[in-house]
Amino acid sequence: MKPRIAFQGELGANSHIACAETRPDLEPMPCATFEDVFQAAATGEAELAMIPVENSIAGRVADIHHLLPTSPLSILAEHFMPIRFQLMAPKGAQLDGIRTARSHIMALGQCRNFLRQHGILARTTADTAGAAREVAEEGDPAVAAIAPAMAAEVYGLDILARDIEDAAHNTTRFVIMGRDPEPFEKDDPAGAEGWVTAFVFRVRNVPSALYKALGGFATNGVNMTKLESYQVGGAFSATQFYSEVEGHPEDPALMRALDELSFFSSEIKHLGVFPAHPYRKTAARLAGG
């Protein structure tokens, strides 16, 4: 059987497109939930998992950061993909006759302006391509789906409006995860754009613990590109942090910063070391950095 890469959603979803762009050598494996994606890769049913983690408009993808710390998978690579959404409906439908649009909550959030301008009611579904399939099966000319163009091809729908996302910079970041971390060496050519180190941690229950834990990154000149917090275990006082920093763990500066982090943390789990995607430089320019 051909090796597979698992993704959440149905054929034609943005995650499917990301799989085709990054690993065309692997067979796409649709999964109903993110939990199923992680499970497929963890058990060997799939070689890799394609996971969307954040969008430039709608923010982080819910639930992912709760699954990362407990998964045996490691982040092997990242991929940034421009997102283009199309309004699609059964053959013969007209834009002025559309009353309802179905899609994943993230897609609906990225197309708010278009829906408001046309008086179209949003309805949430499990994923974008699944919405396209449902619309095709029901055949109601008043009900449309918001999905990538590939979904219209897969399910035989007409595209009534193209590129309806609210902003041209609409981009989703994916991470590719697998069971075995790549043995990336610091001087590996794959890291020509630089390295990213990802980890989760919990600080010790002492005053100013987070301030002290992060101080080592500042004093050692390590750029922290991401720091997100979320509650764990149902306790409002138990906070876990997901972080990404520029650099390789073999870099002396990052090594010292991680040592200081460990002193003030009750738990640290490394999630992966991977080459920085070239889009990071583009994003920095857009942000004026």
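The legends below describe close-up views of one predicted model, moving from the whole chain to a sheet, a cavity and a pocket.

View 1. Along the principal axes, the C-alpha trace spans about 65 × 45 × 40 Å. The chain has a radius of gyration of 21 Å, which agrees with the value near 19 Å that a compact globule would have with 289 residues.

**View 2. An open sheet of five strands.** The strands follow one another in the order E8-E7-E9-E6-E10, and their pairing is mixed. At the edges stand strand E8 (121-124) and strand E10 (158-161), each of which pairs on one side only. From one strand to the next, the twist averages 40°.

**View 3. Strands E7 and E9, with helix H6 lying across them.** Strand E7 (residues 100-103) and strand E9 (residues 143-147) run parallel and are joined by three bridges. Within this part of the sheet, Arg-102 stands opposite Ala-145 in E9. Helix H6 (residues 128-138) lies across strand E6 (86-89) as well as across E7 and E9, and the helix runs at about 155° to E9.

**View 4. The largest cavity and the residues that line it.** The count comes to one cavity of 30 Å³ or more, and the volume of the largest cavity is about 290 Å³. Its lining holds 19 residues, of which Asn-14, Ser-15, Pro-52, His-104 and Met-106 are the closest to the centre. At least two lining residues are supplied by each of helix H1 (14-22), strand E3 (48-55), helix H4 (105-109) and strand E11 (171-178), and the largest share, three residues, comes from E3. By residue class, the lining of this cavity divides into nine nonpolar, eight polar and two charged residues.

**View 5. The second largest pocket and its lining.** About 210 Å³ of space lies in this pocket. The residues that line the second largest pocket divide into five nonpolar, two polar and five charged.

Definitions and conventions. Residues numbered from 1 in each chain as written. Predicted model: local features only at pLDDT ≥ 70, side-chain atom pairs only at ≥ 80, totals over all residues. Heavy atoms only, no water. Pairing = 2+ DSSP bridges. Helix = DSSP H or I, 4+ residues; strand = E, 2+ residues; numbered from the N terminus. Axes fitted to C-alpha atoms, helices over the stretch in contact; angles between N-to-C directions. Contact = heavy atoms within 4.5 Å. 1 Å grid on protein atoms, 1.4 Å probe; cavity = no way out; pocket = protein on both sides within 12 Å on 5 of 7 lines; lining within 4 Å. Points joined across faces, edges and corners; volume = space filled by probe spheres on them. Nonpolar A, V, L, I, M, F, W, Y, C, P; charged D, E, K, R; others polar. Rg over C-alpha atoms; globule rule 2.2 N^0.38 Å.
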